[in-house]
Amino acid sequence: METSLPITVVFPIVLITGAQTKPTQGSCTLTDEDISDIKSAVQKASKAAVNDIVLDPTLIDKCPMLEKITASLKSVATEIVQMRDSAISTDQVDQLKQNFEDQVNQIVKSRDIFEKQSGTQATKEHGEMLERMTALQVKVTELEQQIAKQTASMYEDMAELIFQRLQMNSTESVRSYTKHMMEEKLEELMNKLETNYRIYLGALRFLNHMNDQELIGKVFDGILKRLGDMKADSDDVKENGRNLLVNLLCWTVNNDFLGKKYKERQVDLYRMALKFYPKTYEKAANEADVRSRQFCEENFPANLITWFAVSWNDRG
């Protein structure tokens, strides 16, 4: 079953007569007619993931917080579209869409937001309208957080699938998953693959078979940044950093795709070697540690960490 998500929601133009003072960020001068238009637009949004929401500037001028509300809806829509494009199970995408629709419909049914309030003026800069739109913003933000949590879990499932399929060497079946995950969800994928560094290195080497130079360079840079961002002040982080660095070097050695990238980032690799192996005088112990972690036969990881990086550091 093909999942279709095409929808563009345009908030209607509202004509305002008479001079208007531009509201501040903490004000909202909407009328009940405006609220009705917004409710109609949100109802349309609930029918599918919204790929492109166009908010009329007039409404933003009258109630600036509508910009954030729209951004939150668009954020949710983007997550769902990415799910669809990643070739993940259509059943999971349909479930995510249905949940989105149900949640938005619950928001639309909120009487305190969308039902006309008796005994109030048509337009207020502060007060009732501000409270109603604040309530809408809170509900939409909660929805955004809920959908983000769901999609994060689904991406974790995708990483698990890559993890399992690579173990079975079923490379063709994970090509599209791997490319998407490496491009869009590298952090999540690395978190998963770092639980088994043999599979981690297998995933990196799998990229070579995809013949995508740009993607390979991006992943290399992403892993180096990940190493750079780690604070090597705890044993757990230091252990993970060492495993990550050593097997990144296993991927680098004799890799035609990374020849140029290695030359560009050589000094950064030296810095990471010194960061995770600061006791440079313990050459034999460091070399033994490197070899215990690597899932390749080459001497390059140990040589770079215990020799090249140390010599570079000694030269100042």
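Reply: Angles over 145 degrees between N-to-C directions count as roughly antiparallel, while those under 35 degrees count as roughly parallel. With this cut-off in hand, the pair can be examined in a model that is predicted. Two packed helices are described by the angle between their axes and the distance between the axes.

The pair consists of helix 11, residues 235–252, and helix 12, residues 259–276. Their axes cross at roughly 150° and come within 11 Å. Helix 11 and helix 12 are therefore roughly antiparallel to each other, since an angle of roughly 150° is over 145 degrees. The crossing in which helix 11 passes helix 12 is left-handed.

The residues that meet can now be named. Helix 11 contributes Val-237, Lys-238, Gly-241, Arg-242, Leu-245, Leu-248, Leu-249 and Thr-252. From helix 12 come Tyr-262, Leu-269, Met-272, Ala-273 and Phe-276. In this contact, 9 residues are nonpolar, 2 are polar and 2 are charged.

Gln-213 lies in helix 10, which covers residues 213–229.

As for the setting, the chain has 14 helices and 2 strands. Of its 316 residues, 46% count as buried. Among contacts between residues at least 6 apart in sequence, 76% join residues at least 24 apart.

Notes: Residues numbered from 1 in each chain as written. Predicted model: local features only at pLDDT ≥ 70, side-chain atom pairs only at ≥ 80, totals over all residues. Heavy atoms only, no water. Helix = DSSP H or I, 4+ residues; strand = E, 2+ residues; numbered from the N terminus. Buried < 20%, exposed > 50% of the residue type's maximum accessible area, 1.4 Å probe, protein only. Contact = heavy atoms within 4.5 Å. Axes fitted to C-alpha atoms, helices over the stretch in contact; angles between N-to-C directions. Parallel < 35°, antiparallel > 145°, perpendicular 65-115°, else oblique. Left-handed = near helix turned anticlockwise from the far one by under 90°. Nonpolar A, V, L, I, M, F, W, Y, C, P; charged D, E, K, R; others polar.
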